[in-house]
Amino acid sequence: MDKVMRMSSEKGVVIFTKNSCCLCYAVQILFRDLRVHPTIHEIDNDPDCREIEKALVRLGCANAVPAVFVSGKLVGSTNEVMSLHLSGSLVPLIKPYQSFHN
């Protein structure tokens with residue numbers, strides 16, 4: 001769990017993914033469309049993949065990936081992120097990390 005907490009607080013927006021996960025890809029595209037360049041950790045490329053998955057579930061993710069952290073705090077998985085976006089609450093949360101440069 002320490003590794004997940006350290007990795008999740010390295011940058012403003014961090015997403016734990018797997019390269020074969022279509023929902024992970026969709027969440028990444030959403031953040032790019034919102035002009036946020038998150039740090040992506042593809043856990044299937046990490047030797048501690050199983051431990052990271054378990055830690056993400058223990059932290060509260062229904063599914064281990066995608067797991068989105070903003071300012072070191074767990075936002076959630078796909079459902080939570082999309083719900084925040086549809087309610088208008090995601091943009092204010094990520095506003096400090098938006099880039100308006102090309």
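I began with the secondary structure of the chain, which in this predicted model comes to 5 helices and 4 strands. Reading from the N terminus on, I noted the order of the elements as α-β-α-β-α-β-β-α-α. I then looked up the radius of gyration, which is 13 Å and close to the 13 Å that the globule rule gives for 102 residues, so the chain is as compact as a globular protein of that length. Along the principal axes, the C-alpha atoms fill a box of roughly 35 × 25 × 25 Å.

Of the 102 residues in the chain, 43% are buried, and among the contacts with a separation of 6 or more, 64% are between residues 24 or more positions apart.

For the surface, I wrote down an accessible area of about 5900 Å², of which carbon and sulfur atoms hold 52%. On charge, I found 11 positive and 10 negative side chains in the chain, with the centres of the two sets lying 5 Å apart.

How do strand 3 and strand 4 run, parallel or antiparallel? Strand 3 (residues 67-70) and strand 4 (residues 73-76) run antiparallel, and 3 bridges join them. Val 70 has its bridge partner in strand 4, namely Lys 73. The hairpin that these strands form has 2 residues between the strands, and I noted that Ser 71 takes a positive phi near 55° in this hairpin.

Note on methods: Residues numbered from 1 in each chain as written. Predicted model: local features only at pLDDT ≥ 70, side-chain atom pairs only at ≥ 80, totals over all residues. Heavy atoms only, no water. Pairing = 2+ DSSP bridges. Rg over C-alpha atoms; globule rule 2.2 N^0.38 Å. Buried < 20%, exposed > 50% of the residue type's maximum accessible area, 1.4 Å probe, protein only. Contact = heavy atoms within 4.5 Å. Areas by Shrake-Rupley, 256 points an atom, 1.4 Å probe, with all protein chains shown as cover. Lys, Arg positive; Asp, Glu negative; His and termini not counted. Charge placed at Lys NZ, Arg CZ, Asp CG, Glu CD.
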